[in-house]
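Hi,

Here is the structure I promised to pass on.

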Amino acid sequence: MRKVNSYGDPRLYAIQEVASRLANSQQPLVPERVFVTGSTSGENSSAGSGSLGFLLQLLVAEKSSFQTSDDSQSAEL
């Protein structure tokens with residue numbers, strides 16, 4: 001309580017504690033690498049556009065066991 005009272009406002013003490021723990025954290029606060037694709041201008045500005053986006057969508061579909069078969073069961077769904 002003396003520490004909290006020394007700051008005058010409990011919120012200031014809480015901010016100091018959070019900042020101290022983040023500064024000594026082993027987990028990185030920002031990523032080491034950033035992967036950006038697609039364009040950011042125009043109406044068609046989705047991040048997954050283009051051939052690289054298509055390949056990433058196929059990779060995600062494959063890893064999630066998404067089946068693209070044309071059998072009768074999928075037609076009923």
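Which residue forms a salt bridge with D9? The partner is R11, and the closest N and O atoms of the pair are 3.0 Å apart. By salt bridge I mean a side-chain nitrogen of Lys or Arg within 4 Å of a carboxyl oxygen of Asp or Glu. R11 counts as exposed at 61% relative accessibility, while D9 is partly exposed at 22%. For those words the cut-offs are: buried under 20% relative accessible area, exposed over 50%, and partly exposed in between (1.4 Å probe, protein chains only).

Before going further, a word on the source: this is a predicted model, where local features need pLDDT of at least 70 and side-chain atom pairs count only at pLDDT 80 or more, while totals for chains, interfaces and linings use all residues. Residues are numbered from 1 along each chain as its sequence is written, and side-chain values use heavy atoms, with hydrogens and water left out.

Now the overall picture. The protein chain has four helices and zero strands, so the order from the N terminus reads α-α-α-α, given that helices (H or I, at least four residues) and strands (E, at least two) are DSSP runs numbered from the N terminus. Of its 77 residues, 5% count as buried. The accessible surface is about 7,400 Å², and 55% of that belongs to carbon and sulfur atoms. These areas come from the Shrake-Rupley method with a 1.4 Å probe; for residues, only the protein chains shown count as cover.

The structure holds two salt bridges. Besides the pair above, R21 bridges to E17, with the closest N and O atoms 3.7 Å apart. Both sit in helix α2 (residues 10-23), four residues apart, which is about one turn of the helix. R21 is exposed, with a relative accessible area of 62%, and E17 is partly exposed at 24%.

Over in helix α1 (residues 2-7) you will find K3, an exposed residue with a relative accessible area of 57%. K3 and Y13 are 10 residues apart in sequence and 7.6 Å apart in space, C-alpha to C-alpha.

Last, the surface. L52, F54, L55, L56, L58 and L59 make a nonpolar patch of about 540 Å². Patches are made of residues with over 30% relative accessible area and no salt bridge, with like charges joined within 9 Å and nonpolar side chains (Val, Leu, Ile, Met, Phe, Trp, Tyr) within 5 Å. One of the patch residues, L55, is found in helix α3 (residues 50-63) and is exposed, at 52% relative accessible area.

Cheers
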